[in-house]
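Here is my note on the model you sent. Please read it with the structure open.

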Amino acid sequence: MVLEAEEKLSTVDFQHPYWPRELVIPDYFPNDRSMSEIVGFLFSVSGVVLVGTWLLTTRVQPGGTRMGHLRRLAVCWFAVCGFIHGVIEGWFSWYCKEIAADRSFLSQLWKEYSKGDSRYIIADNFTVCVETVTAWAWGPLSVWTVIAFLKNWPQRFVLQLIVSLGQLYGDVLYFYTEYRDGFQHSEMWHPVYFWFYFVFMNSLWIVIPFVLICDAWANLSKAQQVTDQAVLKQQKLKSR
């Protein structure tokens, strides 16, 4: 029986590009869009969102202040996150069970990305859960953060801290779960699928959120210090 099973496995014609190679995806339909079309779309739309947000941040904020260049870049980051979390990852959250067979453009985008992490093409439980939280929590909150900075709302750094902490936590779990699986869902060391899709693109959501957490920490600490000094001053005046 074991010998027969091995012979059957050896004669299977794997018609998908995903790892591990013995992965069974019965409804899989290959992409008719090229990698350059899909990646080009993602970076083009992200670029338009980034440039549009950059232009918006040139305006004088309520109170007559202007953002510095680094703050403007941070706001652009949250705008791009709003697009990627809300639209791209929102699509996966909604259609995760249908992506393998679906021919729509965003499903093809996820089939292309799945070459770097096949957990997406099989709708792995962890991946569906973490992407659903990302799409429906961090997506809208990213947009809210952009609005908060454009309007100079006092809660802007609180939002920055919450979103960045959520992104960092989710991405650490994303990498760690795959590490515990032995990186079996990608072609190890492949320059595009492993290093670019899986490592580089996801590392952005570790490095940048970490920097923004530190930034929010510094600004919130400074605000608390000013509040404490004001309270202390008021208490001294009352004690006279």
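1. **Val75.** Val75 touches Thr53, Thr57, Met67, Val146 and Phe149, not counting residues up to four places away in sequence. Contact here means heavy atoms within 4.5 Å. Val75 is found in helix H3. Helices are DSSP runs (H or I, at least four residues), numbered from the N terminus. Val75 is buried, with a relative accessible area of 1%. The cut-offs are under 20% relative accessible area for buried, over 50% for exposed and in between for partly exposed (1.4 Å probe, protein chains only). Val133 is 58 residues apart from Val75 along the chain, and the two C-alpha atoms are separated by 21 Å.

2. **Basis of the model.** This is a predicted model, where local features need pLDDT of at least 70, side-chain atom pairs count only at pLDDT 80 or more, and totals for chains, interfaces and linings use all residues. Residues are numbered from 1 along each chain as its sequence is written, and side-chain values use heavy atoms, with hydrogens and water left out.

3. **Ser164.** Is Ser164 buried or exposed? Ser164 counts as buried, because its relative accessibility is 0%. This serine is found in helix H6. Not counting residues up to four places away in sequence, Ser164 touches Phe78, Pro209, Leu212 and Ile213.

4. **The nonpolar core.** The largest nonpolar core has 46 residues. Such a core is a set of buried Ala, Val, Leu, Ile, Met, Phe, Trp, Tyr and Cys residues joined through side-chain atoms within 4.5 Å. Those with the most contacts inside the largest core are Ile25, Ile88, Phe92, Trp110 and Ile121. H2, H3, H4, H5, H6 and H7 each give two or more residues to this core. Its largest share, 11 residues, comes from H3. Take Ile88 as a worked example. Ile88 touches Phe41, Leu42, Phe83, Leu106, Leu109 and Trp110, again not counting residues up to four places away in sequence.

5. **The largest pocket.** About 1100 Å³ of space lies in the largest pocket. On a 1 Å grid over the protein atoms alone, a pocket is an open set of points where a 1.4 Å probe fits, with protein on both sides within 12 Å along at least five of seven lines. Grid points are joined across faces, edges and corners, and the volume is the space filled by probe spheres set on the points. Lining residues have an atom within 4 Å of a point.

6. **What lines the pocket.** The lining has 48 residues, and Trp77, Ile84, Met201, Leu204 and Trp205 lie nearest the centre of the pocket. Two or more lining residues come from each of helix H2 (35-56), helix H3 (69-95), helix H4 (105-113), helix H5 (125-150), helix H6 (156-180) and helix H7 (193-239). H7 gives the most, with 12 residues. By class, the lining has 34 nonpolar, 8 polar and 6 charged residues. Nonpolar covers Ala, Val, Leu, Ile, Met, Phe, Trp, Tyr, Cys and Pro; charged covers Asp, Glu, Lys and Arg; the others, Gly among them, are polar.

7. How many salt bridges does a search of the whole structure find? The search finds 5. A salt bridge is a side-chain nitrogen of Lys or Arg within 4 Å of a carboxyl oxygen of Asp or Glu. Arg119 meets Asp117 in one of them (2.9 Å, N to O). Arg119 also meets Glu178 (3.5 Å, N to O). Arg119 lies in the loop between H4 and H5 and Glu178 in helix H6, so this pair ties together parts that are 59 residues apart in sequence. Salt bridges that share partners join Asp117, Arg119 and Glu178 into one network. Arg119 and Asp117 are buried, and Glu178 is buried too.

8. **The Glu37 pair.** Glu37 and Arg33 also meet in a salt bridge through their side chains (3.3 Å, N to O). Glu37 counts as partly exposed, at 37% relative accessibility. Arg33 counts as partly exposed, at 38%.

9. **Backbone points to check.** A cis peptide bond joins Trp19 and Pro20, with omega of about -5 degrees. Pro20 is in the loop between helix H1 (2-11) and H2. Ala123 has a positive phi of about 55 degrees although it is not a glycine. Ala123 is found in the loop between H4 and H5 and counts as buried, at 7% relative accessibility. Phe183, also not a glycine, has a positive phi of about 50 degrees. Phe183 is found in the loop between H6 and H7 and counts as partly exposed, at 22% relative accessibility.
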